[in-house]
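Work through the following exercises with the sequence and the structure side by side. Try each task before reading its solution.

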Amino acid sequence: MKLANFLVTFLLQVCFLWSGALAQQPEIVNNIKTFQDCPVDLFFVLDTSESVALREKPFGDVVSQVKDFTKRFIDKLTERYYRCDRNLVWNAGALHYSDDVVLIKGLERMPAGRADLKDRVSAVNYIGKGTHTDCAIKRGIEELLITGSHQKENKYLIVVTDGHPLEGYKEPCGGLEDAANEPKHLGIKVFSVAISPGQLEPRMSIIATDPSYRRNFTATGKTVDIDYTIETIIDMIKKNMEPMCCSYECKVSGALPALH
Ligand SMILES: *[C@@H]1O[C@H](CO)[C@@H](O)[C@H](O)[C@H]1NC(C)=O
């Protein structure tokens, strides 16, 4: 106990002195890769159910567009340097679902895992059949919690769906509302992206963390609207993450294990 107290005090002092040194000698410290990366965990939940796949002929074409959207998004997951001397880095993964949930790939660090994740997204075949968005969201949360980084506040789901089914349809994992509440309790943020604009808006809104996580995001349609969706979401995450990434220099996992 005494030793632990001493260690905590000692480490706090090291932190304090270190930040003092930082303030005084930025030009020296800039050359030293001292701080760890600040990871964000991002997981895609893609609806490939019948209502999506069979919406337009040729069947499956909308699913191809959702796949294109996802790959375009993955390409934009690039590091971001914060002035606090930390880099935002991305872990990304994906699943797709109908009345079945199929893992495309668990979370992997970008850019190393980028090519494989995109290949696997390309290889997705639509499942058709029903839409169990509740089960898919819960599985996405599981993936974020099991394979993600240690921080809780850096986890994001991107749910791409048409919002089906309508009320009354049997949802076996507790229903959409219940599934949407779970990430809220866990501090996980959820973006709700419509497969095309103007769809079952009330259902789309239930999924999103708050209205700014829904807006008018769309995965298909005009390129300018798709890019707006991707850029706005990435921008929101980068802004969200900055205070957090820059506040735990002294609590980085791995550097100071198990002291709290
Ligand atoms: C969504 O809103 C933005 C900003 O107001 C706008 O530029 C964009 O065209 C809109 N997208 C759709 C699909 O309506």
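**Exercise 1.** How many helices and how many strands does the chain have?

*Solution.* This is a predicted model, in which local features need pLDDT of at least 70 and side-chain atom pairs count only at pLDDT 80 or more, while totals for chains, interfaces and linings use all residues. Residues are numbered from 1 along each chain as its sequence is written. Helices (H or I, at least four residues) and strands (E, at least two) are DSSP runs, numbered from the N terminus. Counted in this way, the chain has nine helices and six strands.

**Exercise 2.** Find which residues of helix α7 are buried and which are exposed.

*Solution.* A residue is buried if 20 or more other C-beta atoms lie within 10 Å of its own, exposed if 12 or fewer, and partly exposed in between, with C-beta atoms placed from the backbone. In α7, which spans residues 176-186, the residues Leu176, Ala179, Ala180 and Pro183 are buried. They lie on the same side of α7, because they cover an arc of only 100 degrees around the axis, an arc taken from the directions from the helix axis to the C-beta atoms. On the other side of α7, Glu177, Lys184 and His185 are exposed.

**Exercise 3.** Decide whether Glu231 is buried or exposed.

*Solution.* First locate Glu231, which belongs to helix α9, residues 223-245. Glu231 has 12 C-beta neighbours inside 10 Å, and therefore counts as exposed. Finally, compare Glu231 with Lys76: the two are 155 residues apart in sequence, yet their C-alpha atoms are 8.3 Å apart in space.
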